[in-house]
Amino acid sequence: MSWKKLADLPGQKVIGTYGSELWTLRDAKVWHQGRKLATADAASFEIFEHQPLIARAACSIFHARSRLPNIDRNSFRQLGIYWQDRRSIYFEYETSLKPLAGSDPLTFRDLGGGYGSDAQAAWYWGRRMKNCTRSRHLQVVPDNDLYASDGEQIYCDGKPLRGADPLRWRILNSEFSGDDQAIYYLERKLPRADPPSWQHIHGAWSRDRKHVFHMHLIEKNAVPECPDQPCAPSCGR
C-alpha cells in the first residue's frame with residue numbers, strides 16, 4: 001500500500017489531471033475540489049498514491065468528498081483492481097466505491113484482467129458474472145486476459161462464449177477465437193462459419209470457403225475468393 005499523508009505533500013495539495021486541486025489542506029481543514037470536508041481529520045488525512053480519489057483519516061475511509069462509514073478503516077486494503085476490508089470486497093466505479101453484494105473477503109481472488117472470484121461468485125470489472133457457476137475454478141487465459149475459463153465455459157469480456165468447448169477452444173488472434181465447431185469475434189459467434197476453412201484476413205475481417213465476415217457479421221456482397229485480390233473483403237462489391 002502506498003498512502004501519502006496530505007500534510008507531507010508539496011504545497012499540502014494534490015493536483016488532478018486537468019490542473020484542479022483534488023485535495024488541499026487549508027486553515028487546518030481538508031478540502032476536495034474547493035469543498036471543505038467537515039468530518040475529515042486533517043492531521044491524519046492520507047491519500048492513496050495510485051488512486052487519489054481514495055483517502056483515509058484516523059477513523060474513516062473517504063472516496064472523494066464522501067465519507068464511507070461502513071468500510072472498516074483498519075482492515076481496508078487494495079487487492080489488484082479491487083479493495084477489501086474484513087467485511088466485503090469493493091470496486092471503484094466512476095464516482096463511488098461500492099461493495100460487491102454477497103462477496104466473501106476470506107476467499108476472494110483478484111485474477112487479473114478485471115476478473116475476480118470467491119467461493120460463491122465471480123465478477124468482471126465489478127459486474128457479477130451470473131453465468132459463472134464454477135467461480136472457484138475461474139482462471140484468466142494466460143495469453144490474453146480478456147478471456148477466462150472455469151473449465152466448463154469460456155468467457156470473453158466477462159460474457160460466456162455460447163457453445164465453446166473449453167478443451168478445444170483456442171485464441172486465434174487478439175479478437176478471434178474458436179473451437180472445432182465455431183468461430184467467435186470477441187464474445188459473438190460468426191453465423192454459419194466453417195472452422196476448418198476459416199482464415200483471418202486483416203483487422204476485423206475474416207472469411208471461410210462460403211462467406212466473408214466483418215466482425216461477427218456476414219458481408220453479403222463480398223465473395224470469399226477473388227482472382228485479382230484473394231481474401232480482399234471489398235472484392236465482388
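Which residue in S4 stands opposite Arg26?

Modeller: Lys29 in S4 is the residue that stands opposite Arg26. This is a predicted model, in which local features need pLDDT of at least 70 and side-chain atom pairs count only at pLDDT 80 or more, while totals for chains, interfaces and linings use all residues. Residues are numbered from 1 along each chain as its sequence is written, and side-chain values use heavy atoms, with hydrogens and water left out.

The pair belongs to strand S3 (residues 21-26) and strand S4 (residues 29-32), which are joined in the antiparallel sense by four bridges. Strands here are DSSP runs of E with at least two residues, numbered from the N terminus, as helices are runs of H or I with at least four; two strands pair if DSSP finds at least two bridges between them. Both strands sit in an open sheet of four strands, ordered S2-S3-S4-S5 with antiparallel pairing. Strand S2 (13-15) and strand S5 (35-37) form its edges, each pairing on one side only. On average, and with direction ignored, neighbouring strands of this sheet are turned by 25° against each other (axes are lines fitted to C-alpha atoms, for helices over the stretch in contact, and angles run from 0 to 180 degrees between N-to-C directions).

Another antiparallel pair is made by strand S14 (residues 109-112) and strand S15 (residues 115-117), with three bridges. Gly112 has Tyr115 in S15 as its bridge partner. Two residues lie between the strands of this hairpin, and Gly113 takes a positive phi near 65° there.

The structure holds nine salt bridges, each being a side-chain nitrogen of Lys or Arg within 4 Å of a carboxyl oxygen of Asp or Glu. In one of them, Glu46 meets Arg56 with the closest N and O atoms 2.6 Å apart. Glu46 lies in strand S6 (residues 46-48) and Arg56 in strand S7 (residues 54-56), so that distant parts of the chain, 10 residues apart, are linked. Glu46 and Arg56 are buried, that is, under 20% relative accessible area, where exposed is over 50% and partly exposed is in between (1.4 Å probe, protein chains only).

Glu46 also forms a salt bridge with Arg73, at 3.9 Å between the closest N and O atoms. Arg73 is in the loop between strand S9 (66-67) and strand S10 (77-79), 27 residues apart from Glu46, and Arg73 is buried as well. A further salt bridge joins Arg134 and Glu152 at 3.9 Å, N to O. Arg134 lies in the loop between strand S17 (127-128) and strand S18 (139-140), and Glu152 in the loop between strand S19 (147-149) and strand S20 (154-156), so this pair ties together parts 18 residues apart in sequence. Arg134 is partly exposed, with a relative accessible area of 25%. Shared partners join Glu46, Arg56 and Arg73 into one network of salt bridges.

As for cysteines, the structure holds zero disulfides, a disulfide being a pair of cysteine sulfur atoms within 2.5 Å. The cysteine sulfur closest to that of Cys156 is in Cys132, 15 Å away and therefore too far for a bond. Cys156 is buried, with a relative accessible area of 0%, whereas Cys59 is exposed at 68% relative accessibility.
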